[in-house]
Amino acid sequence: MARFEYFFRETAAGLRRNGVVAFAAMSTAFIALFLFGLSLLIAREFELVTRVLTGNVEVQVYLSDPVNDGTVTRLTERLQQVRGVANVDYWDKKRSCEQFRELFANQPVFLENVNCMEVIPTSLRVNLSEVTDFRQITAALGCQTVESGGQERQECAEPGVRSVADYQKLLDRLNAITTVLSLSVFAIAVIMLASAIGLVANTLRMGMFARRKEIGIMRLVGATNWRIRVPFLIEGMVEALVGAAFAIAFLFGVKVFFVDSLRGTAPWLPLIRNTDVVAVTPLILLAAAVVAVIAGTIGMRRFLDV
Amino acid sequence: MISLQHVTKVYRNGVTALEDVSVEIDKGEFVFVVGPSGSGKSTMIRLLLKQEEATNGDVYVAGKNLSKVTSFKVPHLRRNVGTVFQDYKLLQDKTAFENVAFALEVIGKAKHVIDQRVPEILEYVGLGDKLNAFPDELSGGEQQRVSIARACVNRPLVLLADEPTGNLDPNTSVDIMRLLDKVNRIGTTVVMATHDQAIVDAMRKRVIELDKGKVVRDQSRGVYS
C-alpha cells in the first residue's frame with residue numbers, strides 16, 4: 001500500500017511542478033489522438049458509402065441483335081445458376097427505350113437524332129448482392145476484354161451475348177480513392193502521434209531534469225531504477241490518457257453536432273453511428289498507451305545508467 | 001569489508017586518477033583517506049559506490065566483487081553503503097524527518113517502519129527536537145547530521161564520507177567527527193576522505209595517503225602528514 005501511495009504522490013507532484021509543459025503534452029496527445037480517431041471514423045464512413053455504392057447493384061448483360069426468345073430463356077437460366085445472383089430481368093427494346101427517353105428528356109435534340117430502337121441493345125439485368133460478383137458473370141459468359149487498335153472491346157464466347165457492363169474501372173477508382181484517403185489521414189495521424197510522443201518524452205525529461213538532485217539522492221540510498229522511473233512512467237501515461245479522454249469526448253461531439261445534423265439532408269447517404277465511435281475508443285486508448293510507453297522509453301533512455 | 005586489489009582508474013579523457021592501488025579495510029575500521037586535491041580520494045569513493053568502474057583490478061565491498069555486480073543489483077549494494085558528502089545533498093523542500101524518511105521510502109520500507117526508525121535515528125544524531133525543520137532552518141552542522149542520519153537509517157555496513165567537514169567551522173567539525181566515531185563504535189566501517197589536517201591529527205586513526213593516484217602511506221594511528 002505504501003508503495004502505491006508513494007507512486008501516486010510522486011506522480012501528482014511531478015504533474016503539478018511541470019504544469020505548463022504537462023498541459024502542452026496533454027493537448028498534443030489530445031489533438032493527435034483526436035485526429036487518429038477521426039481518421040478511423042472517416043475510413044469507417046467511407047466504408048459505409050462504398051457499401052451503398054457497390055451493394056445491391058444491377059449488372060447489364062447486353063444481348064446481340066436480333067434477339068430470340070430461346071436465347072433469352074437459355075441465358076436467364078444460365079445466369080440464375082451463378083453464385084450471388086438474386087434475380088434476372090429481361091429488358092426488351094421497348095422498355096430500354098422508355099428508360100432512355102426518360103434519362104434524356106431534357107435533351108430533345110439528342111433524342112431526335114438517335115434512333116433508339118436501333119442503337120439501344122436489349123439486355124438482361126442481373127441483381128447482385130455485391131458488385132464484385134460481376135466478375136463471375138463475365139466468367140460464366142466467357143467474356144474478356146481485348147485490345148484492338150488502341151481500343152478496348154469486350155468479346156464474349158457465349159452466343160447471343162454482346163457484352164457485359166464492366167465495373168472493373170469503377171471498382172478500381174473506388175479502391176484508389178479509399179486508399180489515398182485512408183493513407184493520407186493515417187499519415188497525418190502518424191505524424192501527430194509522433195509529435196505527441198516527442199512532447200510527452202520531453203515533459204518527462206524536463207521533469208527528470210528538474211528533479212535530478214532528488215534522483216541522485218535516490219540512487220545513492222539504493223533506490224532501484226524502477227522505483228525512480230515508475231512515477232515518471234505513470235506521469236506520461238496520465239498525460240496520454242487525459243489526452244485520449246478528451247479526444248474521445250470530442251469525437252462524440254463531432255458525431256453529435258456535425259454528423260447528426262446531416263442526417264435527413266441526404267437520405268441515401270449512410271452516416272456513422274454512436275456504435276462506430278464506441279468501436280474506435282479501444283484503439284484510441286491503445287494508441288495512447290503506445291504513445292506513453294514509447295515516450296517513457298525515449299524520455300528516460302539517458303537516465304538508464306546507474 | 002573493503003578491498004582494492006591493484007586498482008587502476010583511467011577516465012575517458014585520459015586522466016589517470018588511481019594507479020595500482022591496493023588497500024584492505026576490515027570490518028569496523030575507521031580509515032582516513034588523505035591527500036591533496038586531485039590525488040584520487042573522490043575517485044576511490046566513487047569506485048566503492050560503483051558510480052565508476054575500475055579500469056583494471058578488483059574492488060570488493062561487503063564481500064562482493066563490484067565488477068561482477070550487475071547494474072540491476074547495484075541499488076541493493078548501495079543499501080549496504082551509506083554516503084555523506086560535503087554539500088549534505090538534502091532536499092530543500094523536505095523536512096529533516098522527510099529527508100531521512102525518503103531514503104527508506106524509495107527502497108520500499110513500510111510506513112510503520114519509517115515512523116519508528118526515523119525519529120530514532122534523528123534522536124541518535126542529536127536532532128530529536130528538529131524533526132520538522134527544513135534544511136534552510138538548520139545550521140551547516142545540523143544539516144550534516146541529517147545527512148548522516150539518512151546515511152545510517154538503513155543500518156549500512158559501510159559509511160563513506162567525502163569531505164564531510166569541508167563546509168564546517170572547526171568546532172562544528174569536531175562535533176561531526178564525534179558523531180562519525182559514535183557510528184563507527186556500533187560496528188559500521190567508516191571511510192572518510194578529507195584534507196582537514198587538525199581532525200586527522202586529533203583522531204589518531206588509520207591514515208591512507210594518496211598522491212597522484214598512488215598510495216604513498218598507509219599507517220595505523222597516523223597523522224595527516
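The buried residues of helix 5 of chain B are Glu142(B), Gln143(B), Gln144(B), Arg145(B), Val146(B), Ser147(B), Ile148(B), Ala149(B), Arg150(B), Ala151(B) and Cys152(B), where buried means that 20 or more other C-beta atoms lie within 10 Å of the residue's own, exposed that 12 or fewer do, and partly exposed the range in between, with C-beta atoms placed from the backbone. The model is predicted: local features need pLDDT of at least 70 and side-chain atom pairs count only at pLDDT 80 or more, whereas totals for chains, interfaces and linings use all residues. Residues are numbered from 1 along each chain as its sequence is written, and chains are lettered from A and ligands numbered from 1 in the order in which they are written.

Because eleven of its 13 residues are buried, helix 5 of chain B is largely enclosed by the rest of the structure. Helices (H or I, at least four residues) and strands (E, at least two) are taken as DSSP runs and numbered from the N terminus. Helix 5 covers residues 140-152 of chain B, and its end C-alpha atoms are 18 Å apart, in agreement with the 18 Å that its 13 residues should span at 1.5 Å a residue; the expected span is 1.5 Å times one less than the number of residues. The buried residues of this helix pack against strand 6 (81-85), helix 3 (96-105), helix 4 (111-124), strand 7 (158-162) and helix 6 (170-185) of chain B. Contact between two residues requires their C-beta atoms, placed from the backbone, to lie within 7 Å.

Chain B as a whole has seven helices and ten strands. Of its 225 residues, 44% count as buried. Among contacts in chain B between residues at least 6 apart in sequence, 68% join residues at least 24 apart.

An open sheet of six strands in chain B has the order 6-7-8-3-9-10 and mixed pairing, two strands being paired if DSSP finds at least two bridges between them. Strand 6 and strand 10 (214-219) of chain B form the edges, each pairing on one side only. On average, neighbouring strands of this sheet are turned by 15° against each other, direction ignored. Axes are lines fitted to C-alpha atoms, for helices over the stretch in contact, and angles run from 0 to 180 degrees between N-to-C directions. Helix 1 (residues 41-48) of chain B packs on the sheet and touches strand 3, strand 6, strand 7, strand 8 and strand 9 (206-211) of chain B. The direction of this helix makes about 150° with that of strand 7 of chain B.

Phe32(B) stands opposite Met192(B) in strand 8 of chain B. Strand 8 of chain B also pairs in the parallel sense with strand 7 of chain B, over five bridges, and Leu159(B) stands opposite Val190(B). Five of the five residues of strand 8 of chain B are buried, so this strand is largely enclosed by the rest of the structure. Both of its faces are covered, with Thr189(B), Val191(B) and Ala193(B) buried on one side and Val190(B) and Met192(B) on the other. In a regular strand the side chains alternate between the two faces of the sheet. Strand 7, helix 6 and strand 8 of chain B make a right-handed β-α-β unit; a crossover is right-handed if, with the strands pointing away from the viewer, the path from the first strand over the helix to the second runs clockwise.

Chain B also contains an open sheet of four strands with the order 2-1-4-5 and antiparallel pairing. Its edge strands are strand 2 (16-25) and strand 5 (64-65) of chain B, each pairing on one side only. Strand 4 (residues 56-61) and strand 5 of chain B pair in the antiparallel sense over two bridges, with Tyr60(B) opposite Asn65(B). Helix 1 of chain B lies across strand 1 (2-10), strand 2 and strand 4 of chain B and runs at about 115° to strand 1.

Chain A has eleven helices and six strands, and 27% of its 306 residues count as buried. In the contact between the chains, 13 residues of chain A meet 16 residues of chain B.
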